[in-house]
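Please read it with the model open.

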Amino acid sequence: MSISHYIKEIGRGSKGARSLTRAQACDLMGQVLDGQVSDLELGGFCIAMRFKGESAKELAGFLDATHQRLPAWPQAHRPMPVVVIPSYNGARKQANLTPLLAGLLSQRGLPVLVHGCDTEAQRIGTAAVWQELGWSTSAQALALEPGDKVWMRTRHLLAPLERLLQLRRQMGLRNPAHSLVKLLDPIRGASPDRSALLLSSYTHPAYVEPMSQTLALLGSSALLLRGNEGEAVAAPHREPASLGMIAGEIVFERCAIHSSQLASDKVAEPIQQNLDAAQTARLIEDMLGKPQTVPAPIAAQVEQIVALHQAMQDKLASRIALQAFQRNAD
């Protein structure tokens, strides 16, 4: 088989390139993940998509192919939606507080799955902090009970997907895999009738539209926000722009707000930058033991996630309550 005819469509330059249909994108990504394309075609695909950018239908198709190849996820004894946090960026300067978010949600009784892998050598990844904390990791799909929190590396979800991500180290460019993993719901996997609450993030505002449209096409429940150095956790000094979705429908949108606009009693002390994994783990342990020290933007994010989680289980009353999170720009 070959993907050359697809490359011909997406590689015609900024004005001539045409987006693929969802079915075509699914077929293309399926061939890539199944190892049916040559190295030359794979490089051509990555470069062409980097120049063109992914459309919502293409992302949905890429995810269709990926979900079809994921392992089936076992049901918990006390089933409730799992909170899924993709973590692929890590932190370059600011502390990586993705594990803090996972810990806070676990304390609230939510099951949490964090998946990811390091794709850049100069960042503090979530896996390193997670290991320093001594929290659970898994190399296979497992039932997640309320309050569980687990880290899972991408290769244990789907090894070819991690290999595609690692091309960044060789090519110096991101490829569509870096977008799709931020929208990846392993719980859904091969069981479309099941769905997690996905925490997804973007770095550049231009990605809001295709990512939210993709979530809508997939019928996902999610919190989509402007990430902190690319991680799906609010920056300590700024509550990010975000939108909440239930079953593909937007239920609230919030504009960004800087800490200077928060009440003085809600502004936390600045967090030291350039912390290593061990120092970050100790900081997170301190915050989990002293909730009053959690930065207000992260505490607010936790409340949004808990409300969305409740709305997935009680669609009428809880959706009305979600309107309280609506915040428009002045």
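In which loop is Pro 291 found?

1. Pro 291 sits in the loop between helix H11 (277-289) and helix H12 (296-313); helices (H or I, at least four residues) and strands (E, at least two) are DSSP runs, numbered from the N terminus. Pro 291 is exposed, at 55% relative accessible area. Here buried stands for under 20% relative accessible area, exposed for over 50%, and partly exposed for what lies in between (1.4 Å probe, protein chains only). From Pro 291 to Asn 175 the C-alpha distance is 38 Å, and the two are 116 residues apart in sequence.

2. On provenance: the model is predicted, so local features need pLDDT of at least 70 and side-chain atom pairs count only at pLDDT 80 or more, while totals for chains, interfaces and linings use all residues. Residues are numbered from 1 along each chain as its sequence is written, and side-chain values use heavy atoms, with hydrogens and water left out.

3. The largest nonpolar core has 55 residues, and Met 29 and Phe 45 have the most contacts inside it. Such a core is a set of buried Ala, Val, Leu, Ile, Met, Phe, Trp, Tyr and Cys residues joined through side-chain atoms within 4.5 Å. A second, separate core of 44 residues includes Val 83, Leu 100, Leu 197 and Phe 252.

4. Leaving aside residues up to four places away in sequence, Phe 45 touches several residues, among them Ile 3, Leu 28, Met 29, Phe 62 and Pro 176; contact means heavy atoms within 4.5 Å. Ala 65, in helix H5, is buried at 0% relative accessible area. With the same exclusion, Ala 65 touches Cys 26, Met 29, Gly 30 and Leu 33.

5. There are three aromatic pairs. Rings of Phe, Tyr and Trp (its six-membered ring) pair if their centres lie within 6.5 Å; planes under 30 degrees apart count as stacked, over 60 as edge-to-face and the rest as tilted. Phe 45 and Phe 62 are edge-to-face, 6.0 Å centre to centre with 85 degrees between the planes. Because Phe 45 lies in helix H4 and Phe 62 in helix H5 (residues 56-68), this pair ties together parts that are 17 residues apart in sequence. Trp 130 and Trp 135 have ring centres 5.0 Å apart and planes at 90 degrees, so that pair is edge-to-face too.

6. How many salt bridges are counted? The count is nine, a salt bridge being a side-chain nitrogen of Lys or Arg within 4 Å of a carboxyl oxygen of Asp or Glu. Glu 239, Arg 254 and Arg 327 are linked in a network of them. The closest N and O atoms of Glu 239 and Arg 254 are 2.7 Å apart. Glu 239 lies in strand E7 (residues 238-239) and Arg 254 in strand E9 (residues 249-254), so the pair ties together parts that are 15 residues apart in sequence. Between Arg 327 and Glu 239 the N to O distance is 3.4 Å. Arg 327 lies in the segment after helix H13 (317-322), so its bridge to Glu 239 in strand E7 ties together parts that are 88 residues apart in sequence. Both Arg 327 and Glu 239 are buried.
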